[in-house]
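Subject: Structure handover

Hello,

Here is the structure I promised to pass on. My notes on what turned up follow below it.

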Amino acid sequence: MKVLVANYSDWSAWDTPGWVLERMRAAVPDVEFVHARTPEEGVRKISDAEVVFSSVVRSEMFDAAGRLRWIHSPAAGIGGMLFPSLVASDVILTNSRGMHAETIAEHVIALTLALFRGLPNAVRRQSERVWAQEELSVPGPRLLRGSTMGIVGLGGIGAAIAAAASGLGMTVEGIRRRANAELPPGVQAAYPIAALHERLPHWDVVVLAAPQTRETEGLIGAPELARMRRTAILVNIARGKLVREADLIDALVRGVIGGAALDVVEHEPLDPVSPLWSLPNVLITPHVAGFRPQYWERLADLFLENLHRYRANEPLLNVVDKQAGY
């Protein structure tokens, strides 16, 4: 069996380290592991691969495959791989959902606290050596306890965010595809996506934790932002294309909403000329919410468990519904 490891990126943290490949080889020495470090190498080396470990399989690479049966993505989001030929094929697609839930939940709490406590402004004033006591005390910090959070998407990440937020005294509601399913711990109520407009005015914090699909692209635009409270903040740790960025910038400039915390943006990396960089009510982290110590160790362990299941003809973990998009 040949496994192609083809996860490459200009960002070193997302480029599969060589020691991960060696860990896989040591765990299953009778499997041939081949490493592709560029898209061109991926196209050349996929022809006789049965399994691919990659989050960057594109149509030209897929079309060059002759024996491919299973793709495992080290990422949770797989929207970029759902091109028509892959969706229509019988190739199994699995992802790494659940691996990032705890760290992303903590990141959401950190971002929310930072905006509630005015920390971005405090950091700016610190760099200017200004003792901004009066500025930062009016109208004053907001409390998580007693506030209401609405989470769009109650999968593994959304459920972890709900547990963390409710543990800090927040009332948590959710939007999800199956509104009648059992509620995750900490969620007081869940509603279908059709109820989003009705629920937005009730939330102090709106968190986007849904996958990018045909139904969720552009989910938050001018009409939705207008429904939010003027003091509400939008936190996006899902995918940038869930938000119509031009509408968000307009809403932030005009004070339609209170602020935004963005770990993802519509086009990454964010353009240096984007107004989002300089808006005082915006906090940006560069798509790092999911990273943690032992990140690649955990990803490798999940893949190796699935590889064992695959070879034993057992059900795989985290199989993606290619039609639904997650």
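**Salt bridges and backbone notes**

Glu 41 counts as buried, because its relative accessibility is 17% and the cut-off for buried is under 20%. Keep in mind that this is a predicted model.

Glu 41 has a partner. Its salt bridge is with Lys 45, and the closest N and O atoms are 3.2 Å apart. Both residues sit in helix H2, residues 39–45, four residues apart, so about one helical turn separates them. Lys 45 is partly exposed, at 25% relative accessible area.

Glu 135 forms a salt bridge with Arg 125, with the closest N and O atoms 2.8 Å apart. Glu 135 belongs to helix H7 and Arg 125 to helix H6 (residues 119–127), so the bridge ties together parts that are ten residues apart in sequence. Glu 135 is partly exposed, with 36% relative accessibility.

Helix H12 holds another pair. Glu 305 and Arg 309 lie four residues apart there, about one turn of the helix. Their side chains meet in a salt bridge, 2.8 Å from N to O. Glu 305 is partly exposed at 34% relative accessibility. Arg 309 is partly exposed too, with a relative accessible area of 22%.

There is also a network. Glu 50, Arg 67 and Arg 69 are joined by salt bridges that share partners. A search of the whole structure gives 16 salt bridges.

**Backbone**

Most peptide bonds are trans, and most residues other than glycine have a negative phi. Here are the exceptions I noted.

Two cis peptide bonds come up:

- Val 138 to Pro 139 is cis, with omega about 5°. Pro 139 is in the loop between helix H7 (133–137) and strand E6 (148–152).
- Glu 268 to Pro 269 is cis, with omega near 0°. Pro 269 is in the loop between strand E11 (259–262) and strand E12 (282–284).

Then the positive phi values:

- His 287 is a residue other than glycine, yet its phi is near 55°. His 287 lies in the loop between E12 and helix H12 (295–311). At 27% relative accessibility, this histidine is partly exposed.
- Asn 318, also not a glycine, has a positive phi near 60°. Asn 318 falls in the segment after H12. Is Asn 318 buried or exposed? Its relative accessibility is 18%, so Asn 318 counts as buried.

Over to you.

Best wishes

Conventions: Residues numbered from 1 in each chain as written. Predicted model: local features only at pLDDT ≥ 70, side-chain atom pairs only at ≥ 80, totals over all residues. Heavy atoms only, no water. Helix = DSSP H or I, 4+ residues; strand = E, 2+ residues; numbered from the N terminus. Buried < 20%, exposed > 50% of the residue type's maximum accessible area, 1.4 Å probe, protein only. Salt bridge = Lys/Arg side-chain N within 4 Å of Asp/Glu carboxyl O.
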